[in-house]
Amino acid sequence: MRSFRDRDRDRAGDRVGDRDPALRARRWAGGLALALVLPLAGCATDAGDGADSGRPGASSTAPAPSATAAPEVRAQLRVDGDVRQYLLHRPPAPAAEGDDGPRPLLVAFHGRGADATELRAKTRLERAATARGMLVAFPEGLGHGWGAGTRATKQRPDPGLDVRFTEALIEHLVRTERADPGQVYVAGFSNGGSMALRMAAERPALLAGAASVSGQLPTGDAAVEPTGPVPVMVVYGADDPVRPLAGLPSPPPDPEEPILPTRSARDSAAAFAAAGGAGEPVTRQEQGYERTVWRLGNEAPGGSRRPGGTVQLLVVDDAGHTWPGSTVPPPEGFGPVSRALDATDTILDFLTGPGR
């Protein structure tokens, strides 16, 4: 069994025991037990040839929604020759006829070494989002991880693969699930948080907002640079022992899955602020965390599309490499879970609020 000292030595980021499946299963027993005790209503694995999504090399086996569509479904989408999996949660059926209009969509990326089920159990995003009438898609990363940086590696020779998969998934859900293309959001944890930030950086016109918990922008030869204005929230534990608040500018090598160098949490948020034409930030201490806010400028290219938008950094006191407010115990050595902040509601309020 690998000790935390071993994990700390190789700075394995958000790998949740992925070298040892049995260890990983024991660490996440609380969250997985919850998921297993409460079976998925209407969960199905779709089969068949599916329909072309309109993107070259992309097809899907997901069923079209109907008045009796299951609230949760497992589906797949073929992109660039790979069959990619995702878990989709639908909001409740509209109470009145004529209310079945386009719905906001949240795409949520799990951390490295984890999967969609674990992220769902840890965050309860599907409950909070569907209560707001939102579709929630939990995509599965190849090898339980995401290509959050631009550097090609032996394990991920095509560093743009996950960006194209996410684009194809969004396009497919807009077409088949009536997702509103003007209200598409991304969020994620750790490596998944970095993936959410990459999508916001490279495809700002595709998104209405993004949020990351314990994830930073890659730097160095894997650097991801924001290219336009988009509201972004970065939530970070002040005492993160796995991905430090100050970033990982020179991570030790990892032969199985290279850990990318990253900016600090503040520099990650500030990069989005600069791309959005923001002015000087305002920082204030709130109960259990510090909030820094940059207000996006309307003079930036595309800035008028989201008037009043902000970039925010929340540094949470007494929190580790964890999802604040989660009831699922984190792996040993990942630090404490803050109870001062409910990251799920905070993120969704930010993404869907009028001022963001």
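A residue is taken as buried under 20% relative accessible area, as exposed over 50%, and as partly exposed in between. By this scale Pro241 is partly exposed, because its relative accessible area is 23%. The model to which these values belong is a predicted one, and Pro241 is placed in it within the loop between strand 9 (232-237) and helix 8 (265-275). Although Pro241 and Ala319 are separated by 78 residues in sequence, their C-alpha atoms are 9.6 Å apart in space.

For the protein as a whole, the secondary structure comprises nine helices and twelve strands, and 56% of the 356 residues count as buried. Among contacts in the protein with a separation of 6 or more, 66% are made by residues 24 or more positions apart. The accessible surface amounts to about 14000 Å², and carbon and sulfur atoms contribute 54% of that area.

Aromatic rings were examined next. A search of the whole structure returns two aromatic pairs. In the pair formed by Phe109 and Trp146, the ring centres lie 5.0 Å apart and the planes meet at 80°, so the arrangement is classed as edge-to-face. This pair joins distant parts of the chain, since Phe109 belongs to strand 5 (residues 103-109) while Trp146 sits in the loop between strand 6 (135-139) and helix 6 (161-176), 37 residues apart. Both partners fall under the 20% limit for burial, Phe109 with a relative accessible area of 0% and Trp146 with a relative accessibility of 1%. A further ring, that of Phe165, has Arg84 lying over its face, at 4.1 Å from the ring centre.

Phe165 is also one of the buried residues of helix 6. The geometry of helix 6 agrees with expectation, because 16 residues at 1.5 Å a residue should span 22 Å and the end C-alpha atoms are 22 Å apart. Just after helix 6, Arg178 adopts a positive phi of about 60°.

Helix 7 (residues 191-202) was considered in the same terms. Its twelve residues should span 16 Å at 1.5 Å a residue, and the distance of 16 Å between its end C-alpha atoms agrees with this value. Eleven of the twelve residues of helix 7 are buried, so it too is largely enclosed by the rest of the structure, and among these buried residues are Asn191, Gly192, Gly193, Ser194, Met195 and Arg198. The cover over the buried residues of helix 7 includes strand 5, helix 6, strand 7 (179-189), strand 8 (209-213), strand 9 and helix 8.

In helix 4 (residues 116-123), eight of the eight residues are buried, and the helix is accordingly described as mostly covered.

Most residues other than glycine have a negative phi.

His321 is buried, with a relative accessible area of 1%, and its side chain forms a polar contact of 2.7 Å with the side chain of Ser190.

Conventions: Residues are numbered from 1 along each chain as its sequence is written. This is a predicted model: local features need pLDDT of at least 70, side-chain atom pairs count only at pLDDT 80 or more; totals for chains, interfaces and linings use all residues. Side-chain values use heavy atoms; hydrogens and water are left out. Helices (H or I, at least four residues) and strands (E, at least two) are DSSP runs, numbered from the N terminus. Buried means under 20% relative accessible area, exposed over 50%, partly exposed in between (1.4 Å probe, protein chains only). Contact means heavy atoms within 4.5 Å. Accessible areas come from the Shrake-Rupley method with a 1.4 Å probe; for residues, only the protein chains shown count as cover. Rings of Phe, Tyr and Trp (its six-membered ring) pair if their centres lie within 6.5 Å; planes under 30 degrees apart count as stacked, over 60 as edge-to-face and the rest as tilted. A charge sits over a ring if NZ of Lys or CZ of Arg is within 6 Å of the ring centre and within 35 degrees of the ring normal. The expected span of a helix is 1.5 Å times one less than its number of residues. A polar contact is a pair of N or O atoms within 3.5 Å; within protein, one must be able to donate a hydrogen and the other to accept it, and residues adjacent in sequence count only if both atoms are side-chain atoms.
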